[in-house]
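Biologist: I would like to learn how to read a few features in a model. Where shall we start?
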Amino acid sequence: MVVAAMLRGCGGRMLQRRMSTVASGTRAINGFNMFYMTNGERGMPLLCMPGALGTAETDFLPQLEHLADTFQVVSYDPRGYGKSRPPVRDFPLDFYQRDADDAAALMAALGHEQYGVMGWSDGAISSVLLSAKYRPQVKGLVMFGGNAYFTQSDVDAFEATRDIEKNWSKRMKETHIPTYGDDLQPMWSAAVDAWAGIYRTKGGDVCMEEAKSLTCPTLVLHGAKDPICLIDHPHWFKENIKDAQLHILPDGKHNLHIRYAEEVNALVRNFFTTGKAHPQRAFKIARIQTG
């Protein structure tokens, strides 16, 4: 039901016809079995990192389907999400780094020595951490919907979503309850607690120092109407990542890569193939030889 609704929102009939072209599997990664999906047999591998509670199917289906003409697209269900269960999802204070390490381990297990990275929401934060720690592997980064830091206002906003029955939209419930059932409320409460803990113990810093250290070509996308990740964050990344490009979609919200999949896919394709996603910047991205 959830996937069908998402398909209707981004060219459903065509995606449903082509869904069989996407391959899936599991790999033993860092002590658990990670579920992943992949599509495409040529070009640079492109790792797509899901957001909170997200899976490859719910968060990156339009990219798996429609970027496979240019890239070897890989996405996955992070530890404790979707089909990468068990284990039950938990949220230690370093869970963003743990997610980054898991994703890098998956790409190594699939034989991808170098690749591009695309991260959304929580996955955007982990994509920065991955790109900082695994520099030789990452040839370029596209990120959107992620925070550089948490403020008290962010913590208050997270707390306001704690009760999923009272505070979540019908669409959010329809997306996640079929996947997680009775596990959803305690899982989300643990996430809210973790975000507050990061603010209390680390001053809210989730990836600021790592972002400042990045040297790979970086494209920051943002939806101007995003109610979750506010405009301060993409501008912070633009100002603090060396030579980063920023492209804002005027009507985009938090899920801009799903709602405006065709436009976002074109930006991503152009960035990784020519380095000219933003008209005022150009980078040469090293060509990766593929077998």
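Biologist: Where is Pro86 found?

Modeller: This is a predicted model. Pro86 lies in the loop that runs between strand S4 (72-76) and helix H4 (95-109). Pro87 is placed in the loop between S4 and H4 too.

Biologist: What is the peptide bond from Arg85 to Pro86, cis or trans?

Modeller: Read omega. From Arg85 to Pro86 the bond is cis, with omega near -5°. Now take the step from Pro86 to Pro87. A cis peptide bond joins them, and omega is about 15°.

Biologist: Is Leu53 buried or exposed?

Modeller: Buried means under 20% relative accessible area. Leu53 has 3%, so Leu53 is buried.

Biologist: What about phi at Ser121?

Modeller: Ser121 is not a glycine either, and its phi is positive, about 60°. Ser121 sits in the loop between strand S5 (115-120) and helix H5 (122-133). Its relative accessibility is 13%, so Ser121 counts as buried.

Biologist: Now helix packing. At what angle do H3 and H13 pack?

Modeller: Take the angle and the distance between axes together. Helix H3 (residues 56-66) packs on helix H13 (residues 261-274) at about 60°, and the axes are 10 Å apart. Angles of 65 to 115 degrees count as roughly perpendicular, and those under 35 as roughly parallel. H3 and H13 are therefore oblique to each other.

Biologist: Which hand does the crossing of H3 and H13 have, left or right?

Modeller: The crossing of H3 and H13 is right-handed.

Biologist: Which residues meet there?

Modeller: H3 brings Pro62, Gln63 and His66. H13 answers with Ala261, Asn265 and Arg269. By class, this contact of H3 with H13 has two nonpolar, three polar and one charged residues.

Biologist: Last, the nonpolar cores. How many residues has the largest one?

Modeller: Start with the count, then find the residues with the most contacts. The largest nonpolar core has 57 residues. Leu47, Tyr96, Leu130, Trp195 and Phe237 have the most contacts inside it. Helix H9 (residues 184-202) gives the most to this core, with eight residues. A second, separate core has 25 residues, among them Val142, Phe144, Leu267 and Phe272.

Biologist: What does Trp195 touch?

Modeller: Leave out residues up to four places away in sequence. Trp195 then touches Ala52, Phe95, Tyr96, Asp122, Phe150, Val155, Phe158 and Trp188.

Terms used:
Residues are numbered from 1 along each chain as its sequence is written. This is a predicted model: local features need pLDDT of at least 70, side-chain atom pairs count only at pLDDT 80 or more; totals for chains, interfaces and linings use all residues. Side-chain values use heavy atoms; hydrogens and water are left out. Axes are lines fitted to C-alpha atoms, for helices over the stretch in contact, and angles run from 0 to 180 degrees between N-to-C directions. Helices (H or I, at least four residues) and strands (E, at least two) are DSSP runs, numbered from the N terminus. Angles under 35 degrees count as roughly parallel, over 145 as roughly antiparallel, 65 to 115 as roughly perpendicular and the rest as oblique. A crossing is left-handed if the near helix is turned anticlockwise from the far one by less than a right angle, and right-handed if clockwise. Contact means heavy atoms within 4.5 Å. Ala, Val, Leu, Ile, Met, Phe, Trp, Tyr, Cys and Pro count as nonpolar, Asp, Glu, Lys and Arg as charged, and the others, Gly among them, as polar. A nonpolar core is a set of buried Ala, Val, Leu, Ile, Met, Phe, Trp, Tyr and Cys residues joined through side-chain atoms within 4.5 Å. Buried means under 20% relative accessible area, exposed over 50%, partly exposed in between (1.4 Å probe, protein chains only).
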